[in-house]
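Subject: Structure handover

Hello,

Here is the structure we spoke about. Please look through it first; my notes on what was found follow below.

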Amino acid sequence: MNKQIIAGIDIGNSSTEVAIAEISESETKFLAQHLVPTTGVKGTIDNVKGVSICLKKAVTKAGIDLSSINQIRINDAVPVIGDLAMDLISETIITESSMIGHNPDTPGGAGLGVGETILIDRLSQLSIDEENTKEYIVVVPKDFDYEWVAFTINKVVSRRVPIAGAIVQKDDGVLIHNRLDHKIPIVDEVSIIEKVPIGKLAAVEVALPGHVIRMISNPYGLSTVFSLNPDETKQIAPVAKSLVGNRSAVVIRTPQGEIVERKIEAGSITLCGTSKHAQVSINDGAQKIMEAYQKIDTLIDVRGETGTNVGGMLNGLRQDLADLTGQPANEIYITDLLAVDAGIPTSISGAMAGELSMESGVALASMVKTETTSISKVAELLEEELSIPVEVGGVEAEMAIKGALTTPGTEKPIVILDMGGGSTDAATIDEMGKICTTHLAGAGDMVTMLINSELALQDQELAEKIKKYPLGKVLSLFHMQLEDGTILFSEEPYPPYTFGKVVIREENDLTPLPIRESIEKIRTIRRESKRKVFVTNALRSLEQVVPTKNIRHISFVVMLGGSALDFEIPQMISDELSKYGIVAGFANIRGTEGPRNAVATGLVLSSKVQSGAVHG
Ligand code: ADP
Ligand code: MG
């Protein structure tokens, strides 16, 4: 009997997946599968490296030699690159007014103190004259010992110099506070203390443990403290806004204090359809952008206003793909765009402890595509390197459908939703075998970017982990509170570094988060980010693949790809689609592989020597 060994290889934007099978006239027997991260941009010769590594691992798993593979089938991967960008809708710049708003672990005392800033070693030089009714805020750089500081303050206070508060560089706020005869609020851990202006009016506020400051996080509180007129109050409002939720803060008013608010040029985009064009400003927010998109018919290209942020992003994408494929940039088109509202952490000038304020902005995912593909080059190079015949198999969506149909309980007509890293793709096949596909910008990577931004993590890998795993809060050495509020008891003590922290509950590991947000807030941000990208894109993509554009005409949707492995995304999509009477679930390729390996499996099954029966 004529037996052949076929390897199907799916080169995706994020992952390269292989399936190896032995095929005879009577049956197809799958031997192994493997997955590695894709090397280079999908559909370019850089992919060869990853493909060859993946293949070698897979043959080892299958217990065969690489040379026994009769044919390699790769997907007809069109180089598509997606990119992500975020931009502020408006940016607030505060000049010549300083603030410190942060949550040191142990500020000292509680309450509000208002006075003129003075260096600690200048205190004793103050003339204790009769009608000096001025109050002071003491500034304590790190070279001063807390015993000495407390002693000095006590001494001047006994001479009736009113001390209203202190700003301290080291973390000894409590140590100083404990030694004071007359208690004052103390904000400590102010790293850049040399920037605190001296001789200026300042307000120091510390809240009791578990409370937040009330006075200087309120614009009218600030205006009371600094005797501001309505105009000045309006100007200082952004300072108050950025201090909301802190346990301690300082605001220092400089006489020439001027707060300038300006809108940064986010720019505008022009969406070009076959007959209509629409121009929309990024400042209008995600909803307006997506509404404008819906009004035009088929999107042909998107242009960004030159000299602006969005212009730079869109042209940069075009140029990247042009460089990679050797095609002129004007032959490269932006085929889809997804805009999502997002909080963007922005540093405030005048901030002295690295404070960030959350400003509203827009995150954009876009896709570029070339007219011609370079996959034949990838095939040639692969053939040369491995000395195995390589064939470019059918269209990726068609392969994905073939693979998806190996899920037990599925049949044609079927609708697939492939949720990867860069794009969300949908495809349908009707009873006649007619296929309709779409590729939309925005998928798993965008979710990670949103989480990273909204939590101000500045750590992509950590954001990826937050996306993939549930959270917990370690309450004691043996107790952890889960997201749903239940308390988990552990036989083994939790590691000490997790104590009191919100942690990511990976399979065998706990990663404490370096941020102070509550478990509820982090969970909400995680879920909203997923919803904004995937629920939106599921609806958008399904609409495009039903001939009637009415998704109520769909009965079954099968979810595929890495993001279908997510512990919440498939459920969110199922819930949303059930409103339209659609049954949705994630695939179980060949009854064993879950939502992975659909395209690679489809490539194997579509080989010429293919047989009917499939055995895992
Ligand atoms: P592509 O087909 O574009 O190469 P994949 O299908 O490999 O992409 O999907 C990659 C995406 O899947 C990434 O965004 C990654 O974060 C996400 N992903 C992978 N595993 C998981 C998981 N267990 N939970 C949630 N997301 C996951
Ligand atoms: Mg894929």
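Helices (H or I, at least four residues) and strands (E, at least two) are DSSP runs, numbered from the N terminus. The model is predicted, so local features need pLDDT of at least 70 and side-chain atom pairs count only at pLDDT 80 or more, while totals for chains, interfaces and linings use all residues. Residues are numbered from 1 along each chain as its sequence is written, chains are lettered from A and ligands numbered from 1 in the order in which they are written, and side-chain values use heavy atoms, with hydrogens and water left out.

Overview

The protein chain has 14 helices and 31 strands. Of its 616 residues, 52% count as buried, where buried means under 20% relative accessible area, exposed over 50% and partly exposed in between (1.4 Å probe, protein chains only). Contact means heavy atoms within 4.5 Å. Among contacts in the protein chain with a separation of 6 or more, 67% are accounted for by residues 24 or more positions apart.

Helix α8 covers residues 375-386. The expected span of a helix is 1.5 Å times one less than its number of residues. The 12 residues of α8 should therefore span 16 Å, and its end C-alpha atoms are 16 Å apart, which agrees.

Which residues of α8 are buried? They are Ile375, Val378, Ala379, Leu382 and Leu386. Seen down the axis of α8, these buried residues fall within an arc of 100°, so they line one face of the helix; the arc is that of the directions from the helix axis to the C-beta atoms.

Ser387 follows α8 and has a positive phi, near 55°. This residue is found in the loop between α8 and β20. Ser387 is exposed, with a relative accessible area of 65%.

Leaving aside neighbours within four places in sequence, Ala62 is in contact with Leu31 and Ala32.

Helices α10 and α11

How do the axes of α10 and α11 cross, and at what angle? The axes of α10 (residues 444-454) and α11 (residues 460-468) come within 8 Å and cross at roughly 110°. Axes are lines fitted to C-alpha atoms, for helices over the stretch in contact, and angles run from 0 to 180 degrees between N-to-C directions. The two helices are therefore roughly perpendicular to each other (angles under 35 degrees count as roughly parallel, over 145 as roughly antiparallel, 65 to 115 as roughly perpendicular and the rest as oblique).

From α10, the contact is made by Gly444, Asp445, Val447, Thr448, Met449, Ile451 and Asn452, and from α11 by Gln460, Ala463, Glu464, Ile466 and Lys467. These residues divide into five nonpolar, four polar and three charged; Ala, Val, Leu, Ile, Met, Phe, Trp, Tyr, Cys and Pro count as nonpolar, Asp, Glu, Lys and Arg as charged, and the others, Gly among them, as polar.

The loop between α10 and α11 holds Gln458. Gln458 is not a glycine, although its phi is positive, about 55°. With a relative accessible area of 69%, Gln458 is exposed.

Other backbone points

Arg590 also has a positive phi, near 55°, in a residue other than glycine. It is found in the loop between β30 (583-586) and α14 (598-605). Is Arg590 buried or exposed? At 11% relative accessibility, Arg590 counts as buried.

A cis peptide bond joins Lys412 and Pro413, with omega about -5°. Pro413 lies in the loop between α9 (396-404) and β21 (414-419).

Regards
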